[in-house]
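Have the model open while you go through them.

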Amino acid sequence: MQGSDGIGDELVQLRHKIDAIDDQLHDLLMQRTELAVAVGATKAARQPLSGESPAEGAKFMRPAREAKILRRLIARHKGKLPKSVIVRMWREMISALLQVEGPFAVAVYAPQAQPGYWDLARDHYGSQVKLLTFSRVDRALSAVMDGSATVAVLPFPREDDADPWWRRLMGSAQLPHIVARLPFGDPGNQRNPDLQALVVGRSPTEPTDRDHSLIVLEAPEPVSRSSLRQALAGVGLETSFIHGGRDQLGPDLNLIEVAGFVAEADPRLTLVASGLGKAAKLHAIGSYAEPLTKAELTDEPPGH
């Protein structure tokens with residue numbers, strides 16, 4: 001049997017059900033927005049806003065919680081809707097609600113020759129966020145330091161970087177620090193799907209169940225990488241990579257990534273520095289929740 005528009009009754013009923021579900025989803029989104037407003041008010045009461053500068057947005061950001069939300073949803077997801085789409089939908093919602101809670105802007109290193117960093121920022125922070133683009137890495141980082149941006153999306157460190165941006169993060173707990181790694185989910189149709197970036201901001205660094213931390217070794221004399229790896233392993237820190245070399249105007253500096261969460265005051269840093277001697281110092285410059293793996297994002301096979 002067909003309806004007045006020539007569509008079968010079964011299809012009409014299915015569309016009515018879809019409309020009803022759309023209404024329910026919309027109602028839930030509006031409820032979630034009200035809760036986000038309440039959360040923002042609670043945070044603002046504890047840390048009052050001092051203006052409308054994007055720097056104030058750091059008081060509302062919780063990258064670790066965002067990562068936990070996405071991991072939990074992906075772990076429970078079933079059906080034919082791709083997991084990568086779930087990540088994209090929730091990232092859009094999370095970022096939109098961050099902007100409801102307080103001022104928010106993203107500085108992006110986005111030279112014409114490498115537009116992929118803009119894609120990473122847009123996909124992670126949403127289509128409506130204010131993106132400030134810079135052709136130089138140092139200027140994107142400076143935007144966070146001077147408060148004109150909440151976070152900065154910067155290239156993942158390389159061994160051959162002539163002027164590593166991470167050197168500007170050491171020396172004071174008041175400086176910005178690394179808070180996330182991008183992409184967190186599937187890169188999708190980004191113009192350079194192999195591109196990796198780190199996010200720098202002032203939001204609190206908090207542990208999840210799977211993290212990596214970035215540490216800088218500062219020493220007046222070079223320390224061998226084997227000695228450094230051994231010293232870190234001695235306190236239970238597994239090294240992912242070591243980048244470094246002598247600063248032209250200062251001490252020997254090495255960027256180290258380790259598995260796990262390491263806070264600025266972690267006593268293991270003091271133990272390692274003491275063991276290395278040579279007036280060595282270790283600076284924790286942030287951490288990030290491990291992005292979702294390909295295995296986690298793999299959809300159920302047909303007929304499963």
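1. Start with Phe156 and Phe241, which are both buried. Keep in mind throughout that this is a predicted model.

2. Going by ring-centre distance, the aromatic pairs number three. One of them joins Tyr109 and Tyr117, a tilted pair with 5.5 Å centre to centre and 50° between the planes. Tyr109 has 13% relative accessibility, so it counts as buried. Tyr117 comes in at 5% relative accessibility and therefore counts as buried too.

3. Back to the two phenylalanines: Phe156 and Phe241 make an edge-to-face pair, 5.9 Å centre to centre with 70° between the planes. This pair links distant parts of the chain, 85 residues apart. Phe156 belongs to the loop between strand S3 (151-155) and strand S4 (177-182), while Phe241 is in strand S7 (residues 239-246).

4. Arg91 has its charged end over the ring of Tyr125, 5.8 Å from the ring centre. The charged end of Arg167 sits over the ring of Trp166, at 5.7 Å from its centre.

5. Next, helix H4 (residues 116-125), which is mostly covered, with eight of its 10 residues buried. Among the buried ones are Tyr117 and Tyr125, along with Asp119, Asp123 and His124. What do the buried residues of H4 pack against? They pack against helix H3 (83-101), strand S1 (105-109), strand S2 (130-134), S3, S4 and strand S5 (197-201).

6. If you check backbone torsions, stop at Gly126: just after H4, this glycine takes a positive phi of about 95°.

Note on methods: Residues numbered from 1 in each chain as written. Predicted model: local features only at pLDDT ≥ 70, side-chain atom pairs only at ≥ 80, totals over all residues. Heavy atoms only, no water. Phe/Tyr/Trp six-rings, centres within 6.5 Å; stacked < 30°, edge-to-face > 60°. Buried < 20%, exposed > 50% of the residue type's maximum accessible area, 1.4 Å probe, protein only. Helix = DSSP H or I, 4+ residues; strand = E, 2+ residues; numbered from the N terminus. Lys NZ or Arg CZ within 6 Å of the ring centre and 35° of its normal. Contact = heavy atoms within 4.5 Å.
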